[in-house]
Amino acid sequence: MTGSVPLLQLNDVCRYYTNSEVEVRALDKVSLSVDKGEFIAIMGQSGSGKSTLMNILGCLDKPTSGDYLINGQPVAELDADCLSALRLKTFGFVFQRYQLLSDYSAQENVAMPAIYSGMSKNERLNKANELLGRLGLAERGLHKPTELSGGQQQRVSVARALINGAEVILADEPTGALDSASGEQLLDLLKQLNQEGVTIILITHDPEVAEHADRLIQVKDGIILSDSKTFDAGLESQSESATAKITALPGIGTFESVIMAFTSLHANWFRTLLTLLGIIIGVASVVTMMAIGEGGKQDVLKRIETIGTNLVLIRPGGANIRRSGDNASLTLDDAEAIAELEGAAFTAPERSTRTTMRYGQYDFNGRIKGTNSDYKGAKDWEMSKGVFFSEADIENYAPVVVIGATVAEQLFPNGEEPVGKYVWMKSAFYQIIGVLQAKGASAGGHDMDDEVLIPITTGIMKAFGRDYLHSIVVKVESTDKVQATIERIKAKLIERHGKEDFMIHSTDSLVEAVTETQDTLTWLLASVAGISLFVGGIGVMNIMLVNVSERRREIGLRIATGAKPGDILKQFNIEAWVVCILGGVIGVAFGFIASLIIQLFEISVSFTLMPPVVAFITSLLVGLIFGYAPAHKAAKLNPIDALAED
Ligand code: ADP
Ligand code: MG
């Protein structure tokens, strides 16, 4: 063997604190070596630097200058994750105020550091029970810290220090808060552990406590006053792991993190509920608002569809021409010319006038419209009875009429058969040859079934007194041909009239306009809802920050017992995600329910996949973004400060 390496070695270690320009030398050129199996008491008055020394030995703090070697390996060369591994495997801390987590049972407190060494839950709890049994706390495993005496709590904390098989126990005033009997019991326990091979470094200011140790180091003002090195560092005292390289441990499992998240969310359930509410309201309102917006759009589109999406309407008049119903610019010949054009499937001329229609004692007041046989196809009418007029009827100026369902009801209230009957209007008799199938109300709420249709030729000859048209309706073969057909109609009419004395409208452009305005409205509603989701996100951040502040001691303890900064980051991020995912799922469900309730008030809603997906993803992002800052704050926390707080 070529020279044994001490387990722990400090060479000229200094630790200075600079507070408001005053430099405090908490440790001043301290050199010290500790061999495996020693039982050391460090004594000194308050403020002499004992805790500072302990924190450096336990890798919770770093020297300002000087070297610290563990098994000959310089600690300064290790990264944060390797330091965590050291705290986890090599050291076990016992604190004056026990530092147990109040929401956890004794057993869970003991098992906590083993989460970070990758032990399974069963393994952890079994080992914790075994340790508690050895320390005389077999029956206390399920008790919460508040149900245990001080001495019992301190033994729980010793068990916790041992769970990952610590080689060195660092105990800072472990008996400070105990009565003398419990203190005595604890010292016996430490002595027993020392006999089993655990190195013990104990801080005290009580000479009686210090007497239990084999080696006494006295500290004053950051300097070692005396060191009674009696322990013989023989060959067998060489650390077993003298050559073992210190490596980082894998991170904590996601499943463990989720379980921990639920545990802590459950422990603060009311706060969790309030946070959830913010996300739920945000997500639910996005889903509901978009369902209402989409419903409104579908509503309008459906109404337009009943008119037909590929209709083109030509009216007389134009930009520089006075608009009136009787602009003498559209003629039957124009209609015939348009009917010849490519793309025009049906071309129906229209002219109408007010009239009273009479059958026996019954009257109908309304409009009669003159048109041709294409009208049925152009407006998608079906017959409920009889037939529509034919081309022959048009050519022959036939005195026939086709009526809508409402008209039929008014003239034949007793259910008489209308077809074949003669009605009196405009000083002549017309024979009813057909009844149109009912269509219901149109977009404007106007009854579409009050149609009274006669051949345009008959109308011009007998009823209207003028031979100009009010409009020409063209149904284009398909929607994609609407634009080209409009161009052709325009060219044709300009060719015939020599000027643009007409206007062309299409339902196609109407659909576009409506879709656009409705989409704008939907996004407006959604962005208002999105703002509430954003506010919910700020709520999550706020609560998580409170959470981190409130749990500083827990976080400090986890870091001191071996959690890596990454583990802490993960735990708090996952807590935020769990809240947001939970809020997202409940919010989507509430959004659907709210939409269904709104539907009961006859407001159209329409569900598409996008709003819930968007809302859910947004809430996830909210968790990711707003959860990060608090989690980062937690991971950066200084465990020494956190554990020193009351
Ligand atoms: P002990 O544990 O022996 O009571 P400490 O190691 O806690 O002593 O403190 C040693 C000296 O360092 C004291 O003077 C103390 O005021 C100072 N000190 C400790 N921690 C800090 C700190 N975080 N900032 C500034 N000074 C500190
Ligand atoms: Mg101290």
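**The ligand and its surroundings**

The helix α1 gives three residues, the largest share, to the shell around ligand 1; helices (H or I, at least four residues) and strands (E, at least two) are DSSP runs numbered from the N terminus. This is a predicted model, in which local features need pLDDT of at least 70, side-chain atom pairs count only at pLDDT 80 or more, and totals for chains, interfaces and linings use all residues. Residues are numbered from 1 along each chain as written, chains are lettered from A and ligands numbered from 1 in the order written, and side-chain values use heavy atoms, without hydrogens and water.

Reader: Which elements give two or more residues to the shell around ligand 1?

Author: The residues around ligand 1 include Y17, V24 and K50, where near means a heavy atom within 4 Å. The elements that give two or more residues are β1 (8-19), β2 (22-34) and α1 (50-57).

Reader: How far is a polar side-chain atom of S51 from an oxygen atom of ligand 1?

Author: A polar contact is a pair of N or O atoms within 3.5 Å. Polar backbone atoms take part too: that of G47 is 2.7 Å from an oxygen atom of ligand 1, and that of G49 is 3.1 Å from one. For the side-chain atom of S51, the distance is 2.7 Å.

Reader: What is the radius of gyration of the protein?

Author: The protein has 20 helices and 20 strands. The globule rule (2.2 Å times the number of residues to the power 0.38) is compared with a radius taken over C-alpha atoms. The rule gives 26 Å for 646 residues, and the protein is well over that, so it is more spread out than a compact globule, with a radius of gyration of 45 Å.

Conventions:
A polar contact is a pair of N or O atoms within 3.5 Å; within protein, one must be able to donate a hydrogen and the other to accept it, and residues adjacent in sequence count only if both atoms are side-chain atoms.
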